[in-house]
Amino acid sequence: MSLVIGAFTMGLILSLLSLGMFISFRMIRFTDITVDGSITLGASISALMIVEGYSPWLAMLVSTLGGALAGSVTGILYTRFKIQEILSGILMMTALYSINLRVMGKSNIPLLDVTTISTGMEGFFEKITATASKVDILGWQVPIGDLAVFMTSAMIAIFVAVLLCGFLFTHAGTALRAAGSNPQMVRAQGVNNNTMIVFSLAMANGLVALAGSLLAQYQGFADVQMGIGMMVWGLASIIIGEALVGKAGIGLTIAGVILGTILFRLLIAIALRWGLNPNDLKLVTAFFVFAALVAPAWFGMLSRKISGGLNYVKN
Amino acid sequence: MLKIDSVSKTFHAGTVNEVRALQDVSLSIEDGCFTGIIGTNGSGKSTLLNAVAGTFTPDAGSIHLAGHDITRWPEYKRAALIGRVFQDPFAGTAPDMSIAENIAIAMKRGQHRSFGFAVTRAFKDDVADRVRTLKMGLEDRLDNPIGTLSGGQRQALTLLMAVWTRPKLLLLDEHTAALDPKSAAKVAELTKIIIAREKLTALMVTHSMQQAVDLPDRIIMMHRGAIVEDYQDERKQRVRVPDLMATFDRVQKRELFDESVAGMLKAQYC
Amino acid sequence: MKIELEQRGRYLLIQAKGRLDASWADHFTQTLLLQIRKGRHHLVIDASEMIFLSSAGIRALLMVYKELNIVHGSFFITNPTSFVEQTLSTSGFQMWLGKGFPEDMPAAGIAGEKDAAENTGIQGFILKDDAQLTAAEPAAWHPWQAVDKKRVQALVFEKDTCALGIGSAAASFEDARDHFGEFLAVAGNVVYQPPDEQALPDYLIPEKQFLPRMQCIQAMSCNGEMGHLIRFAPTDTTPFYRISALLTNILNQTGGKSAGFVVLGEIEGLVGTALIRSPGRLSKEREIVFPEIRDWLTFCGERSYSHQQALLTGVVSKTGATFLSPMPSAPHIAAHIHAAVFPYQPLPNGKIELESAIAKFFNGPPPLAVMHLTDDDRPAVGLGESALIRGACWFSPLQNPEVLS
């Protein structure tokens, strides 16, 4: 059971990453590599601040702003200096590696016996369960700490999702969606596309850094390497999420992305349980994303070939 | 009033592909005048429209619209004054957003885009009323993604969006050229009705001489980046398609009249 | 509907199979009119497999009938199905019904003439053996002389005159000054091109007491009767006739050194120029060179007005003169020719009369253009000289060729 709770918690935390990437990759269609750096940035800032004794909530806020700043820089590199989008992201990601080392002062910071955002929730649970260290859920004994982290993550994820969904239906959010869908149209409708891109990347990387902050607190450490491959994980989650809900409205798609992330974490947990070498995890994920990207075209081609072949036989 | 003053633009300057797309073009259009621009391919008619829309900045000259010098304004800023419909019926709308959302984007053209909800009940009623005037039955499909509509329907909506805020200038870039003949006729008719109803100043590039004769109040003919003919008032009222053809023919004849022709005529014209 | 054509002797047999109704009427008419245009003026329509004939079909037949009337041709419908026979006879067109397939058709309209080579090659007629034209050059502006009142000559064009030059239909010199353009006059009719790029050619027709009158700065006229007529039509080896070939033929036929002529014919292509600014605007004589020349003259730029009908008139001579320019395609002759372009109208075959043929054109759809023909001999890019596909050419030798020099 703790495996399932763990996967759920991890999924909820990383769903913030997926939602951020959903804005950049799907809404404004910007292939943003900054993600790998900004998630670590969020983790490093939070770890440092928490270790220094700041409130974890404040740490979370500052992490989010830091991520937003990183995203803006990528956006400015792209819009103002006309650097290709992937290269803009790579430049920022590379720069962030050093920045993260600078922030932490070393390559990792452990977060042991510190106050995290779930500490309050933990206390609350202890109170209602009368200091028991475990609670019984459907016959399983679940540690209170795990449950508290899960609940906190769920609350934050839902809060962010509702906020994001609402935003996308405002005048500004509608313009943002249109900017990704048809840049020529929004320019003609008086929207500054460049501002839109910078703003969206700030928002996206802010969410990614928020995910990093929560991840550090959940894992109990921040590591300068922890961002590697995160972008591909996020992409895989989005793909799964979109497959879950199909062609749907914004609200449903956002829910789908969250569910997709959780499902992806569950699949990974199961795979690891079955003996998948953790070192192979990124290879498997990369292959999965590759397959998801090429499969539609490939299946289409295949079916055309088959039907073409049939026609040939008929003739 | 739109005032284009000695605007020039050369693309790929200094290369073998150098195109002198606009050569010292001056044109002023009075408020409420619907002007058509015709010309051969590469005559600069679309370039002139794009110069006004702000797709590029001219090499020389200035453009004034409604008292503003918009020469250096970026495209999105000019949108506060200018409504546009493109040739590609898919260019003017965001396909995976609903009709109402697309119109909501157009409604805020030139205004601050707030964090208030874009599509409200009252707004949808307003949209339905105005969409109904298109007589396409789209008022019942306001929540459908615009990508599910036909090219003609999308173009009609783009037109409606372009005039939603009653712009100082409406730019139509061969906006019926990519439609099937029936939709093209429908959109052309709507164009005429809407421009007349809203008393808009409009600039329309068209490849169809019949359309140039039927719709606008004034016809500009371009060739090689310059205005070669300007039909206004009673000359415009008199002009028919064969006259425009003859004018094209004349312009082309003049082009073919080179020094060798002059030499030949010197010997033979007596 | 399936239409099969077969030339049988002098007539064209048309097998029209299927339904002659609204859907096919236009196709049927176009097919037959094209044959008439090609000079096939005697048609027999085999209606043995025509299963249906509607009023639209009758209208199509009527159009063919009318066109044949214009060219003095003939047609009848043979072996009609009972439906077609009944439809035609009840609607009053029984005169179109005939029987069998004739051995040959009567030589309609050209009785007494040999019917050989009806529609091909060159066929000559002598109208009046000793007819001669009297040439005159009452006004002799030369490019680019200044134009003043002294240069202008008011001319009236009689029925027996053909003329060409530069003039205006305005009443006075002051009115005419800005409107001098190319004109030509044949059998009392005048067609002229006001020198405004926008303007269409205009024309004057003699009616009752009215005789066309022009203020001319340049004019060459030929008075008298046309003694010769040649009819030309394409053959397998000669798909069209170059102007220089026609002019050479004219000079050979007359045996003289010079001749005046009028040609009516279907255009293969015309090459020419015309004024677009009145020479009246020249206040002093000067040479106008490229590029300014483009403001004064327009050049056709391509072989133009294919398949329309041209009315040409001019003067040709073996000796050059100021008014005539040598033709690079035929260096031994010099000519000055103006052409007016009319929308296509059929011409009857055989010996036709100049005055009535011309009158028909001036009373039909308005002219499209007037131009001064040139022989574009520029290397590589030259358009060559004008050419006609088929038509009629009237001419007489000049009795006073010395006027030209």
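Predicted model: local features only at pLDDT ≥ 70, side-chain atom pairs only at ≥ 80, totals over all residues.
I began with a sheet in chain B, where 6 strands form an open sheet with mixed pairing, and I read the order as S6-S7-S8-S3-S9-S10. I looked for the edges next: strand S6 (82–85) and strand S10 (226–231) of chain B each pair on one side only.

Strand S3 (residues 34–39) of chain B runs parallel to strand S9 (residues 218–223) of chain B, and the two are joined over 5 bridges. Which residue of S9(B) stands opposite B:Ile38? I found B:Met221 there.

**Which chains touch**

I moved on to the assembly. There are 2 pairs of chains in contact, and of these, chains A and B share the most contacts. For chain A and chain C I found no contact, and their closest C-alpha atoms lie 32 Å apart.

**Chain B against chain A**

I looked up who takes part here: 25 residues of chain B are in contact with 20 residues of chain A. On the chain B side, two elements give two or more residues, namely helix H2 (75–78) and helix H3 (99–107) of chain B. Of the elements, H3(B) gives the most to this side, with 4 residues. I also sorted the side of chain B that touches chain A by class, and got 13 nonpolar, 5 polar and 7 charged residues.

**Chain C against chain B**

The other contact takes 23 residues from chain C and 16 residues from chain B. Which element gives the most to the chain C side? Strand S19 (residues 297–299) of chain C does, with 3 residues. By class, the side of chain C that touches chain B holds 9 nonpolar, 8 polar and 6 charged residues.

**Chain C as a whole**

I then stepped back to chain C by itself. I counted 6 helices and 24 strands in chain C. Along the principal axes, the C-alpha atoms of chain C fill a box of roughly 80 × 50 × 45 Å. I wanted to know how the radius of gyration compares with the globule rule: a compact globule of 405 residues would have a value near 22 Å, and chain C has 24 Å, which agrees. Buried residues make up 46% of the 405 residues in chain C; I took 20 or more other C-beta atoms within 10 Å as the cut-off for buried. For contacts in chain C between residues at least 6 apart in sequence, I noted that 79% join residues at least 24 apart.

**Domains of chain A**

My last stop was chain A, which is divided into domain 1 (2–276) and domain 2 (281–315). The C-alpha centres of domain 1 of chain A and domain 2 of chain A lie 32 Å apart. How many residues does each domain bring to the contact between them? Domain 1 of chain A brings 8 residues and domain 2 of chain A brings 8 residues. Helix H10 (residues 230–245) of chain A supplies the largest share of the domain 1 side, 5 residues. That side of domain 1 of chain A divides into 7 nonpolar, 1 polar and no charged residues.

Methods
Residues numbered from 1 in each chain as written. Chains lettered and ligands numbered in written order. Contact = placed C-beta atoms within 7 Å. Nonpolar A, V, L, I, M, F, W, Y, C, P; charged D, E, K, R; others polar. Rg over C-alpha atoms; globule rule 2.2 N^0.38 Å. Buried ≥ 20, exposed ≤ 12 C-beta atoms within 10 Å, placed from the backbone. Domains from an automatic or database assignment. Pairing = 2+ DSSP bridges.
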